[in-house]
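Let's take a walk through this protein together.

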Amino acid sequence: MAIRRISQRWSTHKRRNTLVVAALSAVLIAATVGVTRAVGDEGTELTTRNVQVTTGSMQETVSASGTVAAKSTEDLNFSVSGEVVAVNVEQGDTVRKNDVLARIDSASLRAQVAQAEASVASAESKLASDEDADASSAQLNADSASLSAARSELAVAEANLASATLRSPIRGTISSLDLVVGQYVSAGSSSSGATASGGSTGTSSGATSPQTTSSTSSPQIQVISTSSYVVEASVDDTQISKLTQGDQATITVNGSTEKAFGTVSSVGLVATTSSGVSSIPVVVDVTGNPTGLHAGSTATVSIVYRQLNDVLQVSS
């Protein structure tokens, strides 16, 4: 009897232990499922994909805005006085180097050349005659001085005669014209810009030495190059130290998708300030003669100041 009771108690205890273990297992399974769902709900599951890794170049750039300008601008004025007798061009015309653009009446200038030639001939004759007469050294020296002076007068007269014809020093386009036939122009009466002609009065009986004058008025004829351009840009003073002559640049004219290329030709030293922002001028020479560039157009310039080669690149 005692053994049977002990056996019954053991069986009952074993069944209770089994139920407890089963219950604990159920709780653990539920907890595990809950944790898994919570992780999934928070979107922390990791995904993978294959991408291509290549090597290439990377550039560091400075951006700036600027204005397209003709690389060469020639402001031309008659350097002698006279009445305009011919104007061979109109604004917008294309001209070649040495093309005749305008002329003034040269009758008085030709007379000055003839007079100067006669003076040279006379001085040469006097020197030769005195040499044949075995004149004194002092006389021969005086004759030589007179001949040199006469030749100088002839050179000035010939230069003034040549200045009666205004020629284009470059190939380009007539961008402005302030001459009409019948107009009287004074020597050096108007001059501005990059290049101005030398001036001489040309009104006296004797030829006078050329002189350069300038004023704030517009040139009589202005020629700009149309085969070479620059971009005159402004760069923030905090970025200017990164740039140097020879840096490569990409140029995009506003409103266009075409790109042109160039190199930095000059970096300014003096800053200008506008609305509290300081900037320094930078000039970029445009390479070649790309289409779509016109003087006065605005453009954006991206200047490369550093380039890294053979860099690992991962596609996005």
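One term first: a residue is called buried when its relative accessible area is under 20%, exposed when it is over 50%, and partly exposed in between, using a 1.4 Å probe and protein chains only. What you have on screen is a predicted model, so local features are discussed at a pLDDT of at least 70 and side-chain atom pairs at pLDDT 80 or more, while totals for chains, interfaces and linings use all residues. Residues are numbered from 1 along each chain as its sequence is written, and side-chain values use heavy atoms, with hydrogens and water left out.

Now the overall picture. The protein has three helices and 15 strands; these are DSSP runs numbered from the N terminus, with helices being H or I over at least four residues and strands being E over at least two. Of the 316 residues in the protein, 29% are buried. The accessible surface comes to about 19400 Å², and carbon and sulfur atoms account for 52% of that. Areas like this come from the Shrake-Rupley method with a 1.4 Å probe, and for residues only the protein chains shown count as cover. As for contacts, meaning heavy atoms within 4.5 Å, take those between residues at least 6 apart in sequence: 79% of them join residues at least 24 apart.

Let's start with a pair of helices. Two packed helices are described by the angle between their axes and the distance between the axes. Here, helix α2 (residues 107-132) packs against helix α3 (residues 137-162) at an angle of about 160 degrees, with the axes 8 Å apart. That makes α2 roughly antiparallel to α3. For reference, the axes are lines fitted to C-alpha atoms, for helices over the stretch in contact, and the angles run from 0 to 180 degrees between N-to-C directions; under 35 degrees counts as roughly parallel, over 145 as roughly antiparallel, 65 to 115 as roughly perpendicular and the rest as oblique. The residues of the contact of α2 with α3 divide into twelve nonpolar, six polar and ten charged. In that count Ala, Val, Leu, Ile, Met, Phe, Trp, Tyr, Cys and Pro are nonpolar, Asp, Glu, Lys and Arg are charged, and the others, Gly among them, are polar.

Two residues of α2 are worth a click. Ser122 sits in helix α2 and is partly exposed, at a relative accessible area of 47%. Its C-alpha is 9.7 Å from that of Ser146, which is 24 residues away in sequence. Beyond its neighbours within four places in sequence, Asp130 is in contact with Ala135, Gln139, Leu140 and Asp143.

Follow the chain into the loop between α2 and α3 and you find Asp134, which is exposed at 68% relative accessible area. Most residues other than glycine have a negative phi, and most peptide bonds are trans. Asp134, however, has a positive phi, near 55 degrees. Ser275 also has a positive phi, of about 55 degrees, without being a glycine. You'll find Ser275 in the loop between β13 (272-274) and β14, and at 79% relative accessibility it counts as exposed.

Next, the strands. Ala233 is in strand β10 (residues 229-236) and is buried, at 4% relative accessibility. Which residues does Ala233 contact, leaving aside its neighbours within four places in sequence? They are Ala64, Ser65, Gly66, Ile280, Pro281 and Val282. Ser65 is 168 residues away along the chain, yet its C-alpha is 5.5 Å from that of Ala233. Ile280, another name on that list, lies in strand β14 (residues 277-286) and is buried at 8%. Setting aside neighbours within four places in sequence, the contacts of Ile280 include Val235, Ile240, Gly268 and Leu269.

Finish with two serines in loops. Ser168, between β6 (165-167) and β7 (172-177), is buried with a relative accessible area of 1%. Leaving out neighbours within four places in sequence, its contacts include Leu76, Arg96, Asp99 and Val223. Ser227, in the loop between β9 (221-224) and β10, is partly exposed at 34%. With neighbours within four places in sequence left aside, Ser227 is in contact with Gly288 and Asn289.
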